[in-house]
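Thanks for making the time this morning.

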Amino acid sequence: MMKFTQVASMLLLGALVVTSCGNDDDLPPVQASCSDGIQNGTETGVDCGGTCQPCISEDTNLTGSMTEDRTLDASVAYTLTNTFSVEAGATLTIPAGTTITASVQSGSETNTYIVVQKGAQINIQGTSSNPVTMTSANDNPGDWGGLVIAGDATTTEGTDAIAEIGQIRYGGTNNSDNSGSINYLIIKNAGAQINAEAQYNGLTLYAVGSGTTITNVATINGEDDGVEFFGGTVSMTNFYSENNQDDSVDWTEGWNGTLTNAYIVHTEDGFSTAVEADGNNGNPSLVNLTAVSSVGGLALQFKKESGATITGLSLQGYTTSIDYKDNGALTNVTIDGETSNPALSYVAPATVDASLFDWVNSNNQVSTQVIGGSQTSDLTLDASISYFLKGTLSMEAGTTLTIPAGTKITADVEAGDETSTYIVIQKGATIDVQGTAANPVEMTSATETPGTWGGLVIAGDATTTEGTDAIAEVGQIVYGGTNDTDNSGSIRYLIIRYAGAQINAESQYNGLTLYAVGSGTSIEWVAAIDGKDDGVEFFGGTVSVTNFYSENNEDDSVDWTEGWNGTLTNTYVSHTISGFSTAIEADGANGNPTITNFTAVTDVNEGIALQFKKNSGATMTNVLLTNYVTNVDMKDDGPVANIIVDGTALTTVDDDVFNGTAVDVATFAWATGN
């Protein structure tokens, strides 16, 4: 009995064993962990050392110190949460297409940056189609500290100087020191403020040596500088800076490398400079520097005894070209082989092609073009391009200048060239200004100072008391003939600012100057603002103007002579500054022009409203004059009856007939912004 029981038990156990082995295929396969330090599942090696995909053992949070070589993975999104320091002897390699995003809390920005310490290296391997990007999660300027590199080259601060950030040590005696290479890198939203005197930049280079290669770098929307060199000998090629709010390029401590092909864009107010140099003069070289501003500002500033050798300089749109803040020697800076001259604007065609930076994929690039010279074929401008007027732009007979809605032309004038900087439509040429109320055409001055350029001049073939082919007081322009219906083109919605340059004691330019322009010409919705001389002046001719606005033109708002006999309809004149001459000045023979719906207002309770010289006069309807000391002045005692107001000739200059209905100033909101 006992033996039977033992045999039965053994048979049952065997059956159970056989049954268990028979179900082994139903168990789930062992999974590759990729992170447990054991070769398992489909791994052919241990974790990231084999074929395990995806490899999840890498920490994507960049923070702390890196003491061994490391290569990032472009397929991984990296987050920078604090200081990430590449220590001496280690190399950080960043392949094409990698993105690193700084994620910061308010107040921690000054701890959030990448630093390549002295003796370490960085290897950024971006391409034009796949640049490396360093940015911030908040996408705001000043969110983080950017990329900092410390080297062993010379600096005026000596060996093992301590940086203004992070107690970083930099500087030595090895000017050929190699901190690695950078190619195709975009840095956005850097420039965190450390304290009132110190800020991070997009790219900060402390005593970096010439063995380091830096090409194709873009810094965008930084709160401080785009790039700053603290001494060192490193050079950079192909640098793009867009709306960095302090300086686009800054150097100090004797940097003496070379910056080649730099393109700087300013479209936001409040920046400091395109280039700022400080400290001792290491005489670095700038080769092909193009800086473009749509908001004025200062281009180049040199502090203390700093300087540079600059070739291929193009500045467009800046109010001030060069500033020597501490009265350093002009000879410390040479530009295209000559001693620098702050009186020059250095406006020139771009020396760097903006398309060189198409890889940046910025939607904020400013297209610019310098215009001027004699044009013998039609010229059509483009509203997407910012134009800078250099000297005289003369449209010759048989040509047409077409200016589409929204176009802006800025006179970028060098001191002494005010009277040679203007646009002239010669006799036999035409202009077509196609502005709209929503998008007027604007002609202005880079310095935003009255009298800094000559405005728009049009010469026609209509009659004038000066006869046929008279010679204008400006530019030897020929005008006048016998065709009173002559057509010089059309103008709609045009703003002219800061014109009125003085030619001599007797002659000045105006905002809009019309020499013997014929009635076939259409001119409506024109505003002349802040001119040094007249808003508009007619020299003979038969042209009419409708809807004209004049604000603070310092001589006459409307002026005519030489027998002009067209019509001026719907005019509003505003004087809010002292010292102007008149709202209307008429001179010479009486061509009896017609003035309909004319309102002139002064806020300073002074001046003459209407002045008639010699035998001039006009037929006027619905005139309102407000706050002028004198309404009518017959300077040469001409016949007062030549002024006809609302159908009745004046009998005295004191006739109370200028109380008409005001022209609605709101109709000129397109020009005033009110």
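Let me begin with Thr133, which sits in strand β8, the stretch covering residues 132-136. Please keep in mind throughout that what we are looking at is a predicted model. Is Thr133 buried or exposed? Its relative accessible area is 16%, and because the cut-off for buried is under 20%, Thr133 counts as buried. Leaving aside residues up to four places away in sequence, Thr133 touches Thr98, Thr99, Ile100 and Ile186.

Another threonine, Thr110, is placed in the loop that runs between β5 (99-102) and β6 (114-116). Here the relative accessibility is 24%, so Thr110 is classed as partly exposed. Its contacts, again without residues up to four places away in sequence, are Ala192, Gln193, Ile194 and Tyr200. To give you a sense of distance, Thr110 and Gly454 are separated by 344 residues in sequence, and their C-alpha atoms are 50 Å apart in space.

Which residues have the most contacts inside the largest nonpolar core? That core has 66 residues, and the two in question are Leu456 and Phe598. The element that gives the most to this core is strand β28, residues 385-395, which provides 5 residues. There is also a second, separate core, made up of 63 residues, and Ile114, Leu259, Val275 and Leu313 are among them.

Coming back to Leu456, its contacts beyond four places in sequence include several isoleucines, namely Ile423, Ile425, Ile431, Ile491 and Ile496. Leu456 also touches Met443, Leu494, Gly511, Leu512 and Thr513.

Asn288, which lies in strand β20 (residues 285-293), has a positive phi of about 65° although it is not a glycine. With a relative accessible area of 25%, Asn288 is partly exposed.

Let me now step back to the protein as a whole. Its secondary structure amounts to 2 helices and 50 strands.

Of the 674 residues, 52% count as buried. If we take contacts between residues at least 6 apart in sequence, 63% of them join residues at least 24 apart. The accessible surface comes to about 26,300 Å², and carbon and sulfur atoms account for 45% of that area.

Finally, the charges. There are 17 positive and 81 negative side chains in the protein, and the centres of these two sets lie 4 Å apart. I will stop there and gladly take your questions.

Methods:
Residues numbered from 1 in each chain as written. Predicted model: local features only at pLDDT ≥ 70, side-chain atom pairs only at ≥ 80, totals over all residues. Heavy atoms only, no water. Core = buried A, V, L, I, M, F, W, Y, C linked by side-chain atoms within 4.5 Å. Buried < 20%, exposed > 50% of the residue type's maximum accessible area, 1.4 Å probe, protein only. Helix = DSSP H or I, 4+ residues; strand = E, 2+ residues; numbered from the N terminus. Contact = heavy atoms within 4.5 Å. Areas by Shrake-Rupley, 256 points an atom, 1.4 Å probe, with all protein chains shown as cover. Lys, Arg positive; Asp, Glu negative; His and termini not counted. Charge placed at Lys NZ, Arg CZ, Asp CG, Glu CD.
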